[in-house]
Amino acid sequence: MHSRSQQNDGPADPSEATPARAEDALIARLEALINQSGAAADPVFLSELLALLHGLQREAESLRLRYDSLFNAVPAPVSILDADGRILDLNRAGERAYQRPRSEIVGQLVHVINPDLPHDHMAPVMAVLARDETYVLEVTNLRADGTSF
């Protein structure tokens, strides 16, 4: 939740704003609009808001494409897990190594690819990461055909 003590309209042309500055300006303008009792929505403001949202969508898509490109360029299998051990993402090298499509793995608990991990393995991982340290663990990986590597 954002709160502002003063209004910051930002640049007149939302396309000239950086995403962070644009967000701040948008929030301030929305707060001002909300605080105006009984005021009708300003069509110019709504057009600017729409243009800004489209710009943010384009920026998000650009960042997603950059992430995908870098993530999939890594030659070793890489999986990204949440704090519960659920797989959030898997790169192409992981698909090849596990011999499964990403869609079969993402959303599953890490045990689907690392069956020997203890079920409470994420607590020590998160504790080490909270201390800004590196957690290293040797695991047995499982391919779709049941073989290990």
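How many nonpolar, polar and charged residues does the lining of the largest pocket have? In this predicted model, the lining has 14 nonpolar, four polar and one charged residues. The largest nonpolar core has seven residues, and the structure also holds two aromatic pairs. The points below take up the pocket, the cores and the aromatic pairs in turn.

**The largest pocket**

- The space in the largest pocket comes to about 460 Å³.
- A total of 19 residues line the largest pocket, and those nearest its centre are Ser 79, Leu 81, Val 110, Asn 114 and Val 139.
- Two or more lining residues come from each of strand E1 (79-81) and helix H5 (122-130).
- Helix H5 supplies the largest share of the lining, with four residues.

**Nonpolar cores**

- The largest nonpolar core is made up of Ile 87, Leu 90, Tyr 98, Ile 105, Val 110, Ile 113 and Leu 117.
- Neighbours within four places in sequence aside, Ile 87 is in contact with Ser 79, Ile 80, Leu 81, Ile 105, Val 106, Gly 107, Gln 108, Leu 109, Val 110, Val 112 and Ile 113.
- In soluble globular proteins, nonpolar side chains tend to be buried together.
- Val 110 belongs to the largest core and is also one of the residues nearest the centre of the largest pocket.

**The aromatic pair of Tyr 67 and Phe 71**

- The rings of Tyr 67 and Phe 71 are stacked, with 5.2 Å from centre to centre and 15 degrees between the planes.
- Both residues belong to helix H2 (residues 43-73), where they are four residues apart, about one turn of the helix.
- Tyr 67 has 34% relative accessibility and therefore counts as partly exposed.
- Phe 71 counts as buried because its relative accessibility is 9%, below the 20% limit for that class.

**The aromatic pair of Tyr 98 and Phe 149**

- Tyr 98 and Phe 149 form a tilted pair, at 5.6 Å centre to centre and with 50 degrees between the planes.
- Tyr 98 is in helix H3 (residues 92-98) and Phe 149 is in the segment after H5, so this pair ties together parts that are 51 residues apart in sequence.
- Tyr 98, at 5% relative accessibility, counts as buried, and this residue is also a member of the largest nonpolar core.
- Phe 149 counts as partly exposed, at 34% relative accessibility.

Key: Residues are numbered from 1 along each chain as its sequence is written. This is a predicted model: local features need pLDDT of at least 70, side-chain atom pairs count only at pLDDT 80 or more; totals for chains, interfaces and linings use all residues. Side-chain values use heavy atoms; hydrogens and water are left out. A nonpolar core is a set of buried Ala, Val, Leu, Ile, Met, Phe, Trp, Tyr and Cys residues joined through side-chain atoms within 4.5 Å. Buried means under 20% relative accessible area, exposed over 50%, partly exposed in between (1.4 Å probe, protein chains only). Contact means heavy atoms within 4.5 Å. On a 1 Å grid over the protein atoms alone, a cavity is a set of points where a 1.4 Å probe fits but cannot get out, and a pocket is an open set with protein on both sides within 12 Å along at least five of seven lines; lining residues have an atom within 4 Å of a point. Grid points are joined across faces, edges and corners, and a volume is the space filled by probe spheres set on the points. Ala, Val, Leu, Ile, Met, Phe, Trp, Tyr, Cys and Pro count as nonpolar, Asp, Glu, Lys and Arg as charged, and the others, Gly among them, as polar. Rings of Phe, Tyr and Trp (its six-membered ring) pair if their centres lie within 6.5 Å; planes under 30 degrees apart count as stacked, over 60 as edge-to-face and the rest as tilted.
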